[in-house]
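Q: I'm new to this one and would like a short walk through it. Can we take it topic by topic?

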Amino acid sequence: MPKRPGLLRRIVLWTVAVVAVLALMLTGTGIWVYSALRVTNVGELSFTNELHVPPELEPVIDEDGRKRFDLTMQEGTSEFLPGQETATWGVNGAYLGPTMRLERGDDVAMDVTNDLPETSTLHWHGMRVPAAMDGGPHQQIEPGQVWSPEWTVDQPAASLWYHPHLHGATAEHVYRGVAGMIIVEDDDVTGVLPSDYGVDDLPLLVQDRSFRSDGELDLNATGPLWMQATYGLMGDQILVNGTHDPYFEVESERVRLRVLNGSNTRSMNFGFDDDRAFQLVGTDTGLLPAPVELDRIRLSPGERAEIVVDFSPGDDVVLRSYAPKQAGSFAEDRLAGADDEFDILRLTAAGELTPGEPVPAELATTPEITPPEDATERVFTLGGTAHINGASMEMSRIDEVVPAGATEIWTIENPSVVHNFHIHDVAFRVLDIDGAEPPPELTGRKDTVYVAPNTSVRIAVEFGEHVDPEAPYMYHCHLLEHEDQGMMGQFLVVEPGTEDEVSRDLGIDAGHGHAGGHGGH
């Protein structure tokens, strides 16, 4: 079968670019260019801006007892850099959105109004919801429309988030500012963790951004088009909850940081500038059985970690992203931003601190995800920047069909450049990486995992019980430019035994979803 012209062009451009980079590196000019590609702000910040803590959005209880949240995607302006206005998008505000707090067992409804100038969607990343309520590329919201999904919360306590998921435009919509966090609570928690929101329980939505000289967001910041197409959009400035150059005044002996890498492309390797240890208590979709002591944790785009940090009176420490490495090779570490380091947030402790409970030895009793001996196994090969198993995303094509309630083994193979892998409406456990046991920070419940070049990751995937023979979920690379280029597939969850009875063709125009989505009005 002949390659499509777009794919052939990308292969040629990528090959020419790699050859050009290697040739340049043999010259003095090349060494200068290569050196200039490294980005850092370490030692450059003054930490003059108080960290913005997104407000918690209060729901209205409707006549059916549902918690109903009003969310409006809208345009606005923000001042990130002193004296410069930036055109931005946000939810219920100019940039980013409020935090939503949900409890297991809640019946919830979202009224999502699109006041943006473009069609968009709003996806609940990590949330276990019916496919028609997922906010993926099929649940499009046209300008002026309202989309009203409903579901019952049924999953363990976790830090989740929401963001647009319009196929072909996800990267730009997120980069402009449409994103926010979701906190899920449930009673399956042993002991006490810091939970005073905005005081000792902080959401940290960390993003890299670049700005033009006039203060506007630079959507072509990475460099040559071939480089941005290959590695994605990477910025040279850091925003935390939309705050540039931020500080936070600590008032408690122990602080829980809910860290989300909300960047389009950039992986980050979080630790503190004094190398103090912290307790990892939760990963993407749930708390760990027991805390794990670390001094670094790597998060690729879309991944989350809950960490608890101890402070003493007068402490002055900087949360930093150290060079994450693991981009594939000496040259690719530099091209993919894996040599870059950033100061993220300064934390200064008061002279007197509120005592905090010690981190409990046992955190949650959620059963470990364990595949049966006869588990179905599937293999997904990530090709270039636009293919999974040799195919680019098509809105009308179903790639996989899964029986509800199954636990399967998926192998993610990456013979290509930097990628990660995210699956909607699941929790999974990393079984091994190239046959070796995963590190402790990858043993918890996950929905997104980094897959380094020339690496294979096996995961045990726990599927939900929501069935729909027509509305699909997605799996994809969560480097957003790769997702937009087509590195995404679709799967249906159906009644067990009916996998061969459903159509693999949704019967829609390949370029369009179900306008307005199910639940829209």
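The chat below goes through sheets, aromatic rings and cavities.

Q: What kind of model is this, and how are residues numbered?
A: This is a predicted model, in which local features need pLDDT of at least 70 and side-chain atom pairs count only at pLDDT 80 or more, while totals for chains, interfaces and linings use all residues. Residues are numbered from 1 along each chain as its sequence is written, and side-chain values use heavy atoms, with hydrogens and water left out.

Q: OK, sheets. What is the strand order in the open sheet of 4 strands?
A: The order is β5-β12-β11-β7, and the pairing is mixed. Strands are DSSP runs of E with at least two residues, numbered from the N terminus, and two of them pair if DSSP finds at least two bridges between them.

Q: Which strands stand at the edges there?
A: β5 (100-103) and β7 (123-125) do; each has a single partner strand, so one side of each is left without a neighbour in the sheet. On average, neighbouring strands of this sheet are turned by 25° against each other, direction ignored, with strand axes taken as lines fitted to C-alpha atoms; angles between N-to-C directions run from 0 to 180 degrees.

Q: Do β5 and β12 run parallel or antiparallel?
A: Parallel, with 4 bridges joining β5 to β12 (residues 180-185). R101 has I183 in β12 as its bridge partner.

Q: And the open sheet of 5 strands, what's its order?
A: That one reads β26-β25-β28-β32-β30, with mixed pairing. Its edge strands, β26 (387-388) and β30 (426-433), each pair on one side only. Within it, β25 (residues 377-383) and β28 (residues 407-414) run parallel, joined by 5 bridges, and T381 stands opposite E413 in β28.

Q: Why is β19 said to be largely enclosed?
A: Of the 6 residues of strand β19 (residues 278-283), 5 are buried, so the strand is largely enclosed by the rest of the structure. Buried means under 20% relative accessible area, exposed over 50%, and partly exposed in between, using a 1.4 Å probe and protein chains only.

Q: What does β19 pair with over 5 bridges?
A: Strand β20 (residues 286-294), in the antiparallel sense. The two form a hairpin with 2 residues between them, and T283 stands opposite G286 in β20. β19 also pairs with strand β22 (residues 304-310), antiparallel over 3 bridges.

Q: Switching to rings. How many aromatic pairs are there?
A: The structure holds 16. Rings of Phe, Tyr and Trp (its six-membered ring) pair if their centres lie within 6.5 Å; planes under 30 degrees apart count as stacked, over 60 as edge-to-face and the rest as tilted. In one of the pairs, the F80 and F211 rings have centres 5.6 Å apart and planes at 45°, so the pair is tilted.

Q: Is F80 buried or exposed?
A: Buried, with a relative accessible area of 6%. F211 counts as buried too, at 14% relative accessibility.

Q: How do W410 and Y475 sit?
A: They form an edge-to-face pair, 5.7 Å centre to centre with 85° between the planes. W410 lies in strand β28 and Y475 in strand β33 (residues 473-476), so the pair ties together parts that are 65 residues apart in sequence. Both W410 and Y475 belong to one aromatic cluster, whose members include F380 and F491.

Q: Last topic: what is the volume of the largest cavity?
A: About 90 Å³. A cavity is a set of points on a 1 Å grid over the protein atoms alone where a 1.4 Å probe fits but cannot get out, and lining residues have an atom within 4 Å of a point. A volume is the space filled by probe spheres set on the points, which are joined across faces, edges and corners.

Q: Which residues lie nearest its centre?
A: S267, R298, A336, A338 and V418, out of 13 lining residues.

Definitions and conventions:
On a 1 Å grid over the protein atoms alone, a cavity is a set of points where a 1.4 Å probe fits but cannot get out, and a pocket is an open set with protein on both sides within 12 Å along at least five of seven lines; lining residues have an atom within 4 Å of a point.
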